[in-house]
Amino acid sequence: MAPRNKYSVILPTYNERKNLPIIVWLLNDNFTKNGLDYEIIIVDDASPDNTAEIARQLQKAFPNRIVLKQRAGKLGLGTAYVHGLQFATGNFVIIMDADFSHHPKFIPDMIRLQSTKDYDIVTGTRYSRDGGVYGWDLKRKLVSKGANIFADTVLRPGVSDLTGSFRLYKRDVLEKVITKVQSKGYVFQMELMVLAKSMGYSVAEVPISFVDRLYGESKLGSSEIAEYATGVLSLWMRV
């Protein structure tokens with residue numbers, strides 16, 4: 001009898017005090033209803049709004065399901081995933097945002113698709129079939145779509161949503177790819193996917209509805225956009 005799969009969800013947080021209880025409840029609801037084993041690893045970068053205190057309360061509400069790892073400051077999205085991966089005990093890892101822009105209701109679909117052909121990675125996509133973006137103004141939509149077109153034109157990875165951050169990985173695949181990633185910020189997701197494809201790993205896509213954050217402010221600014229463009233060109237030189 002094959003061992004039961006376990007899914008480790010890594011949630012990087014920074015000022016997500018209001019969002020965290022909602023996303024944790026939804027994660028528990030979707031995993032429980034589908035009879036899936038899971039854990040949630042919260043990596044908090046010293047949030048000024050005391051997100052970590054909320055995480056400790058959630059540990060009591062959901063015993064043996066939540067792991068809290070606190071860091072000294074805002075150290076970057078990429079390093080948060082690297083840090084969280086060290087404590088994952090599942091054979092699959094899910095990376096997603098904690099701000100409710102990624103709805104856990106899509107996770108069972110990702111898991112089902114992965115099992116059909118034993119895919120190494122399943123990624124949520126906003127830009128294929130029934131996927132979509134809600135709550136963004138036209139400028140933000142154009143920036144996101146333009147970033148994906150730019151990266152796809154330069155790198156040609158064959159993935160419709162390179163900048164998306166809602167993904168299911170086989171743990172051993174993520175461990176191998178993540179050691180080769182050089183970026184730490186918003187380029188991290190794109191670099192992970194491009195490197196995984198260049199290493200021959202299989203990728204499938206599930207259409208998702210991306211909804212702008214429920215509470216708090218977006219952390220994307222002009223410096224992140226410039227970092228992304230530089231990252232695409234740097235990656236083009238490597239693969």
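Thr 123 has Glu 205 of strand E8 as its bridge partner. Strands E5 (residues 121-125) and E8 run parallel and pair over 5 bridges. This is a predicted model. A search of the whole structure finds 9 salt bridges. The largest nonpolar core has 34 residues, and H1 gives the largest share of this core.

**Strand E8**

- Val 203, Glu 205 and Pro 207 point one way from E8.
- Ala 204 and Val 206 point the other way.
- Both sets are buried.

- Asp 120 sits in the loop between H4 and E5.
- Its relative accessible area is 13%, so Asp 120 counts as buried.
- Asp 120 forms a salt bridge with Lys 170, with the closest N and O atoms 3.4 Å apart.
- That pair links distant parts of the chain: Lys 170 is in strand E7 (residues 167-170), and Asp 120 is 50 residues away in the loop between helix H4 (107-117) and E5.
- Lys 170 is buried, as is Asp 120.
- The side chain of Asp 120 also reaches the backbone nitrogen of Ser 202 at 2.9 Å.
- Leaving aside neighbours within four places in sequence, Asp 120 is in contact with Leu 168, Tyr 169, Lys 170, Val 173, Tyr 201 and Ser 202.

- Which residue meets the side chain of Asp 45 in a salt bridge? The partner is Arg 71, at 2.7 Å from N to O.
- This pair also links distant parts of the chain, 26 residues apart.
- Asp 45 lies in the loop between strand E2 (37-44) and helix H2 (51-61).
- Arg 71 lies in the loop between strand E3 (66-70) and helix H3 (77-85).
- Asp 45 has 6% relative accessibility, so this residue counts as buried.
- Arg 71 has a relative accessible area of 12% and is therefore buried.
- Leu 75 lies in the loop between E3 and H3.
- Leu 75 and Asp 45 are 30 residues apart in sequence, yet 6.8 Å apart in space, C-alpha to C-alpha.
- Leu 75 is partly exposed, because its relative accessible area is 46%.

- The side chains of Arg 171 and Glu 175 meet in a salt bridge at 3.0 Å, N to O.
- The two are 4 residues apart in helix H6 (residues 171-178), so about one helical turn separates Arg 171 from Glu 175.
- An α-helix has 3.6 residues a turn, so residues three or four places apart point the same way.
- Arg 171 is partly exposed, with a relative accessible area of 22%.
- Glu 175 is partly exposed too, at 32%.
- Elsewhere, salt bridges that share partners join Asp 118, Asp 120 and Lys 170 into one network.

**Helix H1**

- Helix H1 (residues 20-33) has 14 residues.
- H1 reaches 20 Å from its first C-alpha to its last, close to the 20 Å expected at 1.5 Å a residue.
- The buried residues of H1 are Leu 20, Ile 23, Val 24, Leu 26, Leu 27, Asp 29, Asn 30 and Phe 31.
- The cover over these buried residues includes strand E1 (6-13), E2, H2, E3, strand E4 (92-95) and H4.
- Gly 35 follows H1 and has a positive phi, near 65°.

**Nonpolar cores**

- In the 34-residue core, the residues with the most contacts inside it are Leu 11, Leu 20, Leu 27, Phe 31, Ile 40, Ile 94 and Met 96.
- H1 supplies 5 residues, the largest share.
- Not counting residues up to four places away in sequence, Leu 20 touches Leu 11, Thr 13, Ile 42, Thr 51, Ile 54, Ala 55, Leu 58 and Ala 98.
- A second, separate core has 28 residues, among them Ile 10, Leu 174, Val 187 and Ala 196.

Definitions and conventions:
Residues numbered from 1 in each chain as written. Predicted model: local features only at pLDDT ≥ 70, side-chain atom pairs only at ≥ 80, totals over all residues. Heavy atoms only, no water. Buried < 20%, exposed > 50% of the residue type's maximum accessible area, 1.4 Å probe, protein only. Pairing = 2+ DSSP bridges. Salt bridge = Lys/Arg side-chain N within 4 Å of Asp/Glu carboxyl O. Expected span 1.5 Å × (residues − 1). Contact = heavy atoms within 4.5 Å. Polar contact = N/O pair within 3.5 Å; in protein donor to acceptor, adjacent residues only side chain to side chain. Core = buried A, V, L, I, M, F, W, Y, C linked by side-chain atoms within 4.5 Å.
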